[in-house]
Amino acid sequence: MAKRPSVYPYVWRLPLLIWQGLFFIGPLCLMVAMSFWLVRNYRMEPDFVFKNWDRMLSRGFFWDAYWVTFLRATLAATLASLLAFPASFALAFRTSETVRRWAIFFLIVPFFTSYLVRIYAWQVLLAGNGPLNAILGLVGLGPFTMLSTGFGAMVGYMTLVLPLVVILQTFSLAAIDRNLIEAARNLGANPRATLFQVIIPAAKVGLIIGFIFAFILTFGEFVSPFYLGGSNPPTLSILIVDTTKSGQQWPRAAVVAVIMIVTLFLAAFAAVAAAYRRRS
Amino acid sequence: MTASDPLVEFRSVKKSYGTFEAVKGLDLTIGRGEFVAIMGPSGCGKTTTLRMLAGLEAPTAGTIRIDGREMNDVAVHERDTPLVWQSLALFPFLNVKENVEFGLKMRGIGAQERSDRAMLWLDRMGLKGFETRPIDALSGGQRQRVALARSLVTEPEMLLLDEPLSALDAHLVIRMQGVLTKLQKELGITFVYVTHSQSEAFAMADRVVIMGQGEIAQIGKPQEIFRAPQNRFVAEFVGRNNILSGEVAGGAITIDGVTCPLPGAPDGAAEIVVAADRMTIHADDPGKGALPADFVSEEFAGTGIICYFEGPSGEELKAQVSEAQLAELAPEPGRRFWLSWAPEAAHSLTA
């Protein structure tokens, strides 16, 4: 009896495909198309002109915003990976299964509250006459300007990504075959060499995934640079908001958005390629 | 085996995990160039003993000396006691040659010398041409040889092996046994080999240490362990043994009313062990010194056939016969036979 192709699995896959088609591929195509449209008398008209692209790419302010966004996201991903690593290492290797389970739970708890609420809380804490400066004042330091600075934005980025990076790193470190670590020590590797020659290479995929998640999330972030970073210099997300507000320039905003998506695709591809690169 | 200048010395070594005592006061010396197998059922403390030797576990009490040096406070990476893991623990993110070079790299040996020495060992293990392969592109036997090369490349005085063959196919086990024995003879270094497999231990080791419940049950040459088990635990662990209880009086033992000579044994209750291949099966009662036994079943055991019987008080009795002998006896379940043994085949157990 010939095997009939089963419809069953497709039924379960269909909702996701429809969802992705309607709300990802569709808007993406629309956005790319829109970047070639024109705005006349504050109204968009479908067209096929390169004016928006030419306009945005030839402007210094666009490239300034691009590099600020790119470098900040790179810095945030690096910082988050480095800050998370000791904690992840301790959770993976120095704590019991029970402690690790509770720690993972408490790392998820921050996501219970809206990110925006947490950023407002930081606004209060980091204010010029806020509690943090008051405490620093007690030991004769400050007051420091922390709001509307790159530092402020970075605090916001860490609030967003640090728990996630710790979780990803912890899982990848905890999954390392303990025999590999013992084998390294047995073959004469001191603790430092064991870390760099065995533990980090063995957890490479998870560490890179953690980094690239932090990069992607902070690259498109609007809240932190706006409320804690003071929009100055503007990031690409702030630039998009500004562009749509000034003269209904949705097509120009679409140009920025398309460039952001292309950048993230390239970054994600590079990261996955690096993570799964085979050694010859 | 120079007893005056041993390579390894365990002195009253204990290891406990909480209230559980994994190793209870171990005394053991291992000579230079010796192939020692530590054997026992799971949970007997054999792997813990090996791991303490490598420094992967710290003894709770007692001292371990290697080459006369007390090792209790020496870190794992400062020892030269390479171990071959059951899982092999090869680094999946390094290729074959990088795996072999690892130990040399950790000792700060230059790239050129590292490469030369690694190539020498890959060649020796028959892995020439595989140096740039990733580990997961190798067969089980090839991985085994990479693990051996990786451990031996630093030319250690001893090699520790933790059930390295238990994951291999049967035909490969025999081949690797040959590889290991030859290697140990050629290198002249000490091998400490932990296994639960009797055939591996008896086939390769100069000396076998039998462990049970954290203690050494017997140490001896394979033949001694097999022919002269000192206690019930060893006799049962080795298998193919008949363990018989009786009363000794005047150089003879009475078992279930049957009296057999047991020269030199002190009077009183005693247990004796007779190997299955030393038992003679009689179809008719030979008159004296033979235990009546009812046939139960037979089992083909490669080197012969083990016949199982039920003795007078329900005990299991075993006798090994050849195929021709079996055909001649033509046993059927329930049929009565008589088992006897030569006095010198009986061996008294001490505990």
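In which helix of chain B does Asp123(B) lie? Asp123(B) belongs to helix 3 (residues 111-124) of chain B, where helices are DSSP runs of H or I with at least four residues, strands are runs of E with at least two, and both are numbered from the N terminus. The model is predicted, so that local features need pLDDT of at least 70 and side-chain atom pairs count only at pLDDT 80 or more, whereas totals for chains, interfaces and linings use all residues. Residues are numbered from 1 along each chain as its sequence is written, and chains are lettered from A and ligands numbered from 1 in the order in which they are written.

Asp123(B) is partly exposed, with 13 other C-beta atoms within 10 Å; a residue is buried at 20 or more such atoms, exposed at 12 or fewer, and partly exposed in between, with C-beta atoms placed from the backbone. The C-alpha atoms of Asp123(B) and Ala149(B) are 9.5 Å apart, and the two residues are separated by 26 residues in sequence.

In chain B, strand 1 (residues 8-17) and strand 2 (residues 20-30) pair in the antiparallel sense over seven bridges, pairing being assigned if DSSP finds at least two bridges between two strands. Phe10(B) has Leu28(B) of strand 2 as its bridge partner. Two residues lie between the strands of this hairpin, in which Gly18(B) takes a positive phi near 65 degrees.

An open sheet of five strands in chain B has the order 15-19-16-17-18, with antiparallel pairing. Strand 15 (280-282) and strand 18 (316-321) stand at the edges with a single partner strand each, so one side of each is left without a neighbour in the sheet. Within chain B, strand 16 (residues 291-300) and strand 19 (residues 336-340) run antiparallel and are joined by four bridges. The bridge partner of Leu291(B) in strand 19 is Leu339(B).

Between the chains, 18 residues of chain A are in contact with 19 residues of chain B, contact requiring C-beta atoms, placed from the backbone, within 7 Å. Helix 8 (178-186) and helix 9 (191-202) of chain A each supply at least two residues of the side of chain A that touches chain B. Helix 8 of chain A gives the most, with six residues. That side of chain A divides into eight nonpolar, five polar and five charged residues; Ala, Val, Leu, Ile, Met, Phe, Trp, Tyr, Cys and Pro count as nonpolar, Asp, Glu, Lys and Arg as charged, and the others, Gly among them, as polar.

Terms used:
Contact = placed C-beta atoms within 7 Å.
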